[in-house]
Amino acid sequence: MLQAQNGEFMLDGKPFQVLSGAIHYFRTVPEYWEDRLRKLKAIGLNTVETYVAWNVHEPKKGEFHFSGLADLETFIETAQKLDLYVIVRPSPYICAEWEMGGLPAWLLVEGDMVLRSSHPAFLRHIEEYFNVLLPKIEKHLSKYGGPVIAMQIENEYGAYGNDQAYLEFFKGQYEKHGIDTFLFTSDGPVFIEQGSLPVVTTTLNFGSRVEEAFHTLEQYKPGSPKMVAEFWIGLFDHWGGEHHTRDPKDAANVFEDLMKINASLNVYMFHGGTNFGFMNGANHYDEYYPTITSYDYDSLLTESGDITQKYRDVKDVLRKYVDVPEDIENEIPTKTYGSVKLQESVSLFDTLHDISSVKEHLVPLSMEDAGQAYGLILYQTEVNRKGELTLDTEPIRDRAYVYINGKLGEDDLH
């Protein structure tokens, strides 16, 4: 089992450096899991890390899915087949620029609930979800011969709140389900005090300024093992923005700074993948920034799984410190499928009765209150007055188009 002793990690009683890369099983089709994991192993890493997306596994209350893209156990088993260890981060909130941070939309129907807190209703839903999820992970723990060596308590909670009872709840849930494994929290250096637990190892998330970050950790928890749970190798993109890139040499240099001090790390992302369907998330800083469909992240592998120059530069660094396998070639060919001409169309308004259901209400309902989690929704009303009208668009939190008597307005509203 993985343990923290005297400022370092020990695995089965021997010093161990966690060299991990992040791959989210739900962002890559199962047919490519082994290819991505082989490339992770080929660069010289020994561990793969993944989030667990609650809204993928329980899209409707009490309706659980663990097949196809949601087949977490097969992903874990594939990693074990390649002699890789696994870090699982099953907290209900995963951030990750994923739809609602992984929280199911149906939680919003309970209007008085306080998300990511020790509110009884929220904890009840988590517990009922964990009753299904955690036994699936527990059987793959290293103590049973499986590859899972560590699990996260919550995700960057210090940047959100300071409800210690909420964090303790997760520890209690793991104990209830026999999750006898290494536990940790992860936060940016300035948030570790709020997001940590006294008896759980604190890890950091950052992309640079290694010495400064670990100095902060040492000041807060002296003697802690040096672990970067998210070493940000690139960045995600949002609609309307430019593609983010990070110079491969710069990323490799900071990577080497970590290797020089024998720090454990998780490259975020090793392979980003794709936000399928409507699962792209968003961030809100000075304004609303919706994430694009691609989660390429300028990571070590491209969205389609190709090896990058950044991959090669990081591998060159690893060669100085650990034994790495021989180089491998990209094994998955790509092709074009030609073009398809669409020569016919039909009006949305003429097909509504075939593709939708109707709900009547005095005022517009949110999508969740209308019983819908994703997709499109059409609001219709009749205005029985003449003269100039003003439409208040402030409550809109997405893209909207306004039609008057079936005619699209001149400008779309945001």
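Colleague: Which residues line the largest cavity?
Modeller: This is a predicted model, and in it the largest cavity is lined by Leu2, Phe9, Val18, Ile87, Ala150, Phe182, Phe184, Thr203 and Met227. Its volume is about 60 Å³.

Colleague: What makes it a cavity and not a pocket?
Modeller: A cavity is a set of points where a 1.4 Å probe fits but cannot get out, whereas a pocket is an open set. The structure holds 2 cavities of 30 Å³ or more.

Colleague: How does the lining of the largest cavity divide by class?
Modeller: There are 8 nonpolar residues, 1 polar and no charged. Ala, Val, Leu, Ile, Met and Phe are among those that count as nonpolar, and Thr203 belongs to the lining too.

Colleague: And what lines the second largest cavity?
Modeller: Asp35, Arg36, Lys39, Ser304, Gly305, Asp306, Asn330 and Ile332 do, around a volume of about 30 Å³. By class that lining has 1 nonpolar, 3 polar and 4 charged residues. Gly counts as polar under the rule used, and Asp, Lys and Arg as charged.

Colleague: Which residues lie nearest the centre of the second largest pocket?
Modeller: Val29, Tyr32, Arg36, Glu303 and Ser304 do, out of 16 lining residues. The pocket has a volume of about 240 Å³, and its lining comprises 6 nonpolar, 6 polar and 4 charged residues.

Colleague: Why is the contact between Lys39 and Asp35 called a salt bridge?
Modeller: The rule asks for a side-chain nitrogen of Lys or Arg within 4 Å of a carboxyl oxygen of Asp or Glu. In Lys39 and Asp35 the closest N and O atoms are 3.1 Å apart, so the pair qualifies. Both residues lie in helix 1 (residues 33–43), 4 residues apart, about one turn of the helix.

Colleague: What do Glu154 and Arg116 tie together?
Modeller: Their side chains meet in a salt bridge at 2.8 Å, N to O. Glu154 lies in strand 7 (residues 148–155) and Arg116 in the loop between strand 6 (85–89) and helix 4 (120–138), so the pair ties together parts that are 38 residues apart in sequence. Both Glu154 and Arg116 are buried.

Colleague: Where do Glu256 and Lys320 lie?
Modeller: These two form a salt bridge, with the closest N and O atoms 3.2 Å apart. Glu256 is in helix 8 (residues 248–260) and Lys320 in the loop between helix 9 (309–319) and helix 10 (348–355), so their contact ties together parts that are 64 residues apart in sequence.

Colleague: Are Glu256 and Lys320 buried or exposed?
Modeller: Buried means under 20% relative accessible area, and exposed means over 50%. Glu256 has 13% relative accessibility, so Glu256 counts as buried. Lys320 has 57%, so Lys320 counts as exposed.

Colleague: Which residues are linked in a network of salt bridges?
Modeller: Lys315, Asp316, Arg319 and Asp327 are.

Colleague: Which residues make the nonpolar surface patch?
Modeller: Leu348, Phe349, Ile355, Leu378, Tyr401, Tyr403 and Leu408 make a patch of about 660 Å². Helix 10 gives the largest share, 3 residues.

Colleague: Why do some backbone angles get a remark of their own?
Modeller: Most residues other than glycine have a negative phi, and most peptide bonds are trans. Glu156 is not a glycine, yet has a positive phi of about 50°. Its place is in the loop between strand 7 and helix 5 (164–176). Arg209 has a positive phi too, near 55°, and lies in the loop between strand 9 (201–206) and helix 7 (210–220). With a relative accessible area of 56%, Arg209 is exposed.

Colleague: Which residues does the cis peptide bond join?
Modeller: Tyr268 and Met269, with omega about 0°. Met269 lies in strand 11 (residues 264–271).

Methods: Residues are numbered from 1 along each chain as its sequence is written. This is a predicted model: local features need pLDDT of at least 70, side-chain atom pairs count only at pLDDT 80 or more; totals for chains, interfaces and linings use all residues. Side-chain values use heavy atoms; hydrogens and water are left out. On a 1 Å grid over the protein atoms alone, a cavity is a set of points where a 1.4 Å probe fits but cannot get out, and a pocket is an open set with protein on both sides within 12 Å along at least five of seven lines; lining residues have an atom within 4 Å of a point. Grid points are joined across faces, edges and corners, and a volume is the space filled by probe spheres set on the points. Helices (H or I, at least four residues) and strands (E, at least two) are DSSP runs, numbered from the N terminus. Buried means under 20% relative accessible area, exposed over 50%, partly exposed in between (1.4 Å probe, protein chains only). Patches are made of residues with over 30% relative accessible area and no salt bridge: like charges are joined within 9 Å, nonpolar side chains (Val, Leu, Ile, Met, Phe, Trp, Tyr) within 5 Å. Accessible areas come from the Shrake-Rupley method with a 1.4 Å probe; for residues, only the protein chains shown count as cover.
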